[in-house]
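Me: I have a model open and want each label checked against its cut-off. Take me through the terms one by one.

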Amino acid sequence: MAPLDRVLLGVAVLGGAVCAVGATMYLYTYVGSVPLPLSAVVFGAFLSLISVAARRLGGESFHAALPVIAFLVVIVAFLLGGPGSSTVFYDWRLLLVVVCGIGMPVAAGYLASSEE
């Protein structure tokens with residue numbers, strides 16, 4: 001793998017972490033009194049694009065998993081809590097973020113690999 005490819009793969013991993021932060025930041029949006037967690041779907045789709053790009057860049061399935069692993073590491077870090085034992089997630093939207101963050105890249109990787 002060329003040095004530029006390694007740098008771009010690192011940027012893809014960083015993009016996976018940024019997706020986790022963005023999905024968390026906008027997870028608690030409401031329309032009136034109804035929760036509308038669209039950020040889980042939007043950032044899950046963006047993570048899917050990053051994952052497929054990393055797969056094509058690196059050439060192996062492991063490279064596609066790196067942005068998703070970075071996504072999950074950030075989500076777990078948010079679950080651990082900070083000072084005062086405050087956590088970011090505590091309801092059903094956590095499940096939606098995890099399902100979209102894992103399920104959408106897996107589905108996109110399957111569809112992208114069936115095209116080749």
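Me: What makes a contact here, and how many of the contacts between residues at least 6 apart join residues at least 24 apart?

Reply: Contact means heavy atoms within 4.5 Å. Among contacts between residues at least 6 apart in sequence, 69% join residues at least 24 apart. This is a predicted model: local features need pLDDT of at least 70, side-chain atom pairs count only at pLDDT 80 or more, and totals for chains, interfaces and linings use all residues. Numbering runs from 1 along each chain as its sequence is written, and side-chain values use heavy atoms, with hydrogens and water left out.

Me: What counts as a helix or a strand, and what is the pattern?

Reply: Both are DSSP runs, numbered from the N terminus: helices are H or I with at least four residues, strands are E with at least two. The protein has four helices and two strands. Along the sequence they read α-β-β-α-α-α. β2 (34–35) qualifies as a strand because at least two residues are needed.

Me: Why is Ser 39 called buried?

Reply: Buried means under 20% relative accessible area, exposed over 50%, partly exposed in between (1.4 Å probe, protein chains only). Ser 39 has 6%, so it is buried. Of the 116 residues of the protein, 32% count as buried.

Me: What surrounds Ser 39, and how do you know that its side chain makes a polar contact?

Reply: Ser 39 sits in helix α2. Leaving out residues up to four places away in sequence, Ser 39 touches Gly 22, Ala 23, Tyr 26, Leu 27 and Gly 44. A polar contact is a pair of N or O atoms within 3.5 Å; within protein, one must be able to donate a hydrogen and the other to accept it, and residues adjacent in sequence count only if both atoms are side-chain atoms. A polar side-chain atom of Ser 39 lies 3.0 Å from the backbone oxygen of Ala 23, so the distance is within the cut-off.

Me: Why are Val 18 and Leu 36 given the label they have?

Reply: Val 18, in helix α1, has a relative accessible area of 48%, so it is partly exposed. Leu 36, in the loop between β2 and α2, is at 36%, so it is partly exposed. Leu 36 touches Thr 29, Tyr 30 and Val 31, not counting residues up to four places away in sequence.

Me: What makes a set of residues a nonpolar core, and which members touch the most others?

Reply: A nonpolar core is a set of buried Ala, Val, Leu, Ile, Met, Phe, Trp, Tyr and Cys residues joined through side-chain atoms within 4.5 Å. The largest has 17 residues; Cys 19, Ala 20, Ala 40, Leu 47, Phe 71, Ile 75 and Val 97 touch the most other members. α1 (3–25), α2, α3 and α4 each supply at least two. α1 gives the largest share, five residues. Phe 71 touches residues including Cys 19, Ala 20, Leu 47 and Val 97.

Me: What makes a space a pocket, and which helix gives the most to the lining of the largest pocket?

Reply: On a 1 Å grid over the protein atoms alone, a pocket is an open set of points where a 1.4 Å probe fits, with protein on both sides within 12 Å along at least five of seven lines; lining residues have an atom within 4 Å of a point. The largest pocket holds about 260 Å³. Of its 15 lining residues, Ser 51, Ala 64, Pro 105, Val 106 and Gly 109 are the closest to its centre. α4 (93–115) gives the most to the lining, with six residues.

Terms used
Grid points are joined across faces, edges and corners, and a volume is the space filled by probe spheres set on the points.
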